[in-house]
Structures are given as C-alpha cells and as structure tokens.
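Let's take a friendly walk through a protein model together. Have a look at the picture, and then read on.

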Amino acid sequence: VALTNPNSTAATITFTFTDETGRPIPAAATTFTVAPNGHYAGVLGSVFPGIAGKRGIVLVTSTEPICGLGMRYNGTAFTTLRALSQQKISSQTIAHVANGAGWKTTFLLTNTGTAPAPFTLSFRGNDGSPWSVPLGADGNTSSFTGSIAPGAMKILQSDGSGNIVQVGWGQLSTSGSIGATAIFAAQSNVKPPAEAAVPMDASGRTALYLPFDETTSGGQMATGVAFANPGAKPATVYVSFAAPDGQQTPLAQPIVVPANGHYAAVLGDLSPDTQGKRGVAYFISDVPVFGLGIQFNGQAYISVPMLTVPATAAN
C-alpha cells in the first residue's frame with residue numbers, strides 16, 4: 001500500500017483488518033504517521049504479520065485527507081488496486097469480462113456500509129444477449145444474486161474453462177454500499193502469466209480518450225480497447241487518432257456497439273495507421289458507453305481507464 005499526505009499537517013493513519021466474512025483480524029502496530037507533504041509505502045504482510053495466509057479487507061482511516069493506492073503481486077505479475085468508496089452506487093459496469101483459453105476474471109465485491117447489501121451481478125455478450133459465465137462452485141449463470149454482510153466481501157471467479165476466449169461485459173446492481181474491482185488473470189498455461197485490475201464505473205460517457213502505444217519502446221507495445229453499451233439502442237462510436245506531432249487520422253468507419261452489447265479490438269488491428277506510433281485515440285459516441293483500455297508490452301498487461309474529453313474538445 002502507498003499513501004500520500006498532500007497537506008501541511010501530519011496525518012495519523014489507522015489500519016483496521018477484517019477477513020472476507022467481516023470478522024476482525026488482530027494486527028499489531030496499526031497506526032502510522034505520514035509527515036506533511038509526505039509519503040508512506042509498505043507491504044502489508046511484512047508490516048502486519050497477523051494477516052499472513054489470509055485475505056480480506058483493510059480499512060484505512062486518516063486524520064487528514066490522503067491519497068492511496070494498493071498494489072497486488074501474485075508471484076509473477078503486479079497490478080494496482082484503487083481504493084473503494086463508501087458511498088452508495090446503485091449500478092456499476094465493467095466494460096470487459098474475459099474467460100477461456102487460459103484467461104479468467106475475478107470479481108472482488110466489498111460491502112463498505114454498515115448494513116447487509118443485496119446485489120446482482122449480470123453478464124452480457126457481444127451481441128447484447130445474456131451470457132452464461134462459468135463461476136466454478138457458484139455455477140454457470142448470466143445473473144448471480146446474493147447478499148454481503150457489513151465489512152465482508154464476496155469473491156466470484158470465472159473458471160477459465162474452454163479453448164476459446166469468450167468476452168462480454170458485466171453490470172453490478174445493489175441497493176447497498178458495495179465497492180467492486182475486477183481482475184483479468186492469465187493462468188499458468190498462458191505465457192507470460194499476467195493480470196490487470198479494473199475498477200467498475202458508475203457513469204457512461206459520450207466522449208472519451210485513451211493514450212495508446214503501438215511502438216517497440218520498452219518492448220513490443222500493443223493497446224486494446226473495449227466498450228460496453230448498457231443502453232436500449234446501438235451506439236455509434238466515431239474514432240480518430242492523434243500523434244504527438246498533432247497529425248490526426250480518423251477511422252474510416254465508426255464502431256457500432258449493439259444495444260446491451262460489447263465490442264473489443266486491438267488498435268493496431270483496428271487501424272493499421274497506428275502501428276509503430278503512439279498518441280491519443282479519441283472516441284465520440286451518440287449514446288453513453290463505458291470504455292476500457294488495456295496495454296501490453298510483450299511481458300505484462302496493465303489496464304488503462306479511459307479519460308473524459310472536455311466538452312470543447314468533444315465538439
């Protein structure tokens with residue numbers, strides 16, 4: 001975990017741990033001080049030996065507003081974890097879910113509230129129809145319903161079965177306070193094994209942009225893009241690419257995402273003009289969509305959340 005205190009006053013930080021059922025995990029030395037304009041970083045398992053061999057939730061509270069980042073390591077790959085909000089969000093969307101041919105997706109659902117939180121996690125495929133995802137012991141289903149106790153978490157994981165990668169998108173609905181993160185993971189039969197964490201989003205956008213890199217700097221770079229359209233009408237997404245020198249190249253044909261559907265592509269395949277280049281991809285849609293970028297350098301994957309385009313740029 002890494003914490004930054006951008007204030008002129010020292011911040012007293014308290015760590016409180018619970019396991020995945022919401023039961024407290026005793027841990028010594030749970031309070032730290034971060035200096036004014038200072039920084040703290042540590043490996044939780046080293047700082048708090050009491051959590052070794054366990055999984056669950058750490059609640060970080062501070063006497064001053066702070067910025068925080070989680071980092072997860074699975075023995076072969078790193079990925080970052082965004083801190084979760086305690087506010088109620090009735091609907092959250094993940095723009096890309098993958099399963100099969102060595103890939104699986106894990107959903108970490110955490111009840112950050114003080115009351116039980118009912119939820120439904122549903123899946124749809126590229127064409128917008130319900131998609132039955134193999135969730136191991138939780139069954140093959142296009143819609144999983146459950147409830148999470150206060151301070152507890154529910155872990156759902158696709159089993160990676162099948163010789164073909166199937167893709168789609170997911171939507172979490174709840175009347176409680178649930179923070180959610182999804183993690184794409186390559187299993188041991190995929191080389192190199194890797195994973196990337198993706199937060200779920202609450203709001204779709206009609207104007208988005210994504211930094212892309214299709215060069216060989218630091219490896220053979222590749223950038224993927226995925227869109228989910230939870231609306232009742234198809235989305236027409238117009239695309240243009242801008243190089244660092246300002247030269248812009250529009251895509252000849254727009255991307256069409258079906259109603260309740262999904263779309264995914266590698267930018268180098270979508271537009272050969274991007275090959276060997278890096279810059280920014282601009283996406284303008286006639287209906288709100290959810291977008292996600294994924295970058296690969298030949299060794300590791302990282303998720304790249306799409307950024308909102310200012311209204312003047314969108315026009």
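**A loop and its surroundings**

Thr216 sits in the loop that links strand E18 (205-213) and strand E19 (222-228). Strands here are DSSP runs labelled E of at least two residues, numbered from the N terminus. Keep in mind that this is a predicted model, in which local features need pLDDT of at least 70, side-chain atom pairs count only at pLDDT 80 or more, and totals for chains, interfaces and linings use all residues. Residues are numbered from 1 along each chain as its sequence is written, and side-chain values use heavy atoms, with hydrogens and water left out.

Is Thr216 buried or exposed? Thr216 is exposed, because its relative accessible area is 58% and exposed means over 50% (1.4 Å probe, protein chains only). From Thr216 to Tyr263 you count 47 residues in sequence, and their C-alpha atoms lie 26 Å apart in space.

Now follow E18 to its partners. Two strands pair if DSSP finds at least two bridges between them. E18 runs antiparallel to strand E24 (residues 278-296), joined by 8 bridges, and Ala207 stands opposite Ile284 in E24. E18 is also antiparallel to strand E26 (residues 307-308), with 2 bridges; here Tyr209 faces Leu307 in E26 as its opposite residue.

Elsewhere, 4 strands make an open sheet with antiparallel pairing, in the order E4-E1-E6-E7. Strand E4 (39-41) and strand E7 (78-81) are at the edges, each with a single partner strand, so one side of each has no neighbour in the sheet. Strand E6 (residues 67-73) and E7 are antiparallel and joined by 4 bridges, and Arg72 has Thr79 in E7 as its bridge partner.

Technical notes. Buried < 20%, exposed > 50% of the residue type's maximum accessible area, 1.4 Å probe, protein only.
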